[in-house]
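Dear colleague,

I am handing over the structure below. Please look through it before you read my notes.

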Amino acid sequence: MKRRLLLALVPLILYAMVDIPSSYAAPIPPFPGDKQLQRGSNVEADQEALNGLCGAERWSVKTGTDADASLINLQSTTKTTIATLTSLPAPSNIPLNNRIQPTETTVFQLNATLTEYKLEADSDYHLILNDGAGNTLIGEIPAPSCVGSSSPLLSSIQKARSEFDARYIVTNSFQAANVPVTITGVGFFDFLHGQTGVAPNGIELHAVLDVQFSTVGGSSIVNGDFETGNFNAWTTIGTTSISTTAHSGSYSGQAGGPSATNGDSSISQTFTAPSAVSTLSFWYQVYCPDTVTSDWATATLKDNTVGTTTTILVNTCTNNATWMQVSANVTAGDSYTLSLINHDNNSPGDPTYTLFDDVKVN
Ligand SMILES: [Ca+2]
Ligand SMILES: [Ca+2]
């Protein structure tokens, strides 16, 4: 009886001795499955409370505590595309605690559109990444509290999670984003079980180690109005010159010439479409006294990120001294090569040339 009374008094005595706010005195009950309660923000803790679970299947491989974690090459990053990763052959056997080399020991980086995201039942942030050409794959940012402290990925996972939290409040239903991102993460083959956005071969970036929302850094179009009076920032092939017949300003870029030329002459530039940009446009004027089967103006736009080439000005042969505009869609963050082309069949009687001006993205 005496002992019980004493035990009951201990907290009261301690409380009296240590003058701390009562809200600090009550211990916070841990969330189920939460191994490292103190890590992460309050927002994150709240979100984990919604689910309260860490993953199970291949969780060690997903978070870098598997038997092969030391084989992950964290010293280098391999630039790739969604199309490349989704075309890898699906493994016939997926080990539970080992890595499929080299894919699962490689840190990949790719540009994509983040279309949707949500908080998964295993506390991962589930990101759907789309290349704009019909290919998707999943990126997952684990909850740092679900990552073992021995993982060489832990600090990067924490960083990626913070980067995502700085921009979005993630809940357990899908939300649309549709923004360009540059994502870095470790390759991972998941079992196929109908995941939203899953690649046909089950490839994911899991864990995601970095999320960059600002993909500006690109050069955009430089000297698109040719007002430097030269081809600064452009690459030229064949017969080209600066013309004083301009759509605006004083100069334009001319491909081909008033004397016959042989085949394609081109003015090209490689650029990265800045964020918030969706359209490339330019003006052209063709001097074509021939027919379109022999001479023409054309333009192609190669998306170097996706690996596709689009003809944005189909072969054109007109001769009415009129400026015409061409527009094409571009995906922010993607690298492009624009080629402005004049084709002449080298016949002396009907030489064709084309002027190009005011090339821009907006
Ligand atoms: Ca100009
Ligand atoms: Ca001709």
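What follows is a short account of what was found, taken region by region.

This is a predicted model, in which local features need pLDDT of at least 70 and side-chain atom pairs count only at pLDDT 80 or more, while totals for chains, interfaces and linings use all residues. Residues are numbered from 1 along each chain as its sequence is written, and chains are lettered from A and ligands numbered from 1 in the order in which they are written.

Elements come from DSSP runs numbered from the N terminus: helices are H or I with at least four residues, strands are E with at least two. A residue is called buried if 20 or more other C-beta atoms lie within 10 Å of its own, exposed if 12 or fewer, and partly exposed in between, with C-beta atoms placed from the backbone.

Cis peptide bonds

One cis peptide bond runs from Q101 to P102, with omega near 0°. P102 sits in the loop between α5 (82-86) and β2 (106-119). Another joins H206 and A207, where omega is about 15°; A207 belongs to strand β6 (residues 203-212).

The loop between β6 and β7

N223 is in the loop between β6 and β7 (235-237), and F226 is also found between β6 and β7. N223 is not a glycine, yet its phi is positive, near 60°. F226, also a residue other than glycine, has a positive phi near 60°. N223 is partly exposed because 17 other C-beta atoms lie within 10 Å. F226 has 28 other C-beta atoms within 10 Å and is therefore buried.

Helix α6

Helix α6 (residues 154-165) has twelve residues and reaches 16 Å from its first C-alpha to its last. That is close to the expected 16 Å, the expected span being 1.5 Å times one less than the number of residues. Its buried residues are L154, S156, I157, Q158, A160, R161 and F164.

Two further loop residues

L192 lies in the loop between β5 (175-189) and β6. With 12 other C-beta atoms within 10 Å, L192 counts as exposed. Leaving aside residues up to four places away in sequence, L192 touches V198 and G202, contact meaning that C-beta atoms, placed from the backbone, lie within 7 Å. The C-alpha atoms of L192 and G202 are 5.9 Å apart, at ten residues along the chain.

G333 is in the loop between β14 (324-329) and β15 (335-345). G333 is buried because it has 26 C-beta neighbours inside 10 Å. Its C-alpha atom is 9.7 Å from that of F271, 62 residues away along the chain.

Regards

Methods: Two residues are in contact if their C-beta atoms, placed from the backbone, lie within 7 Å.
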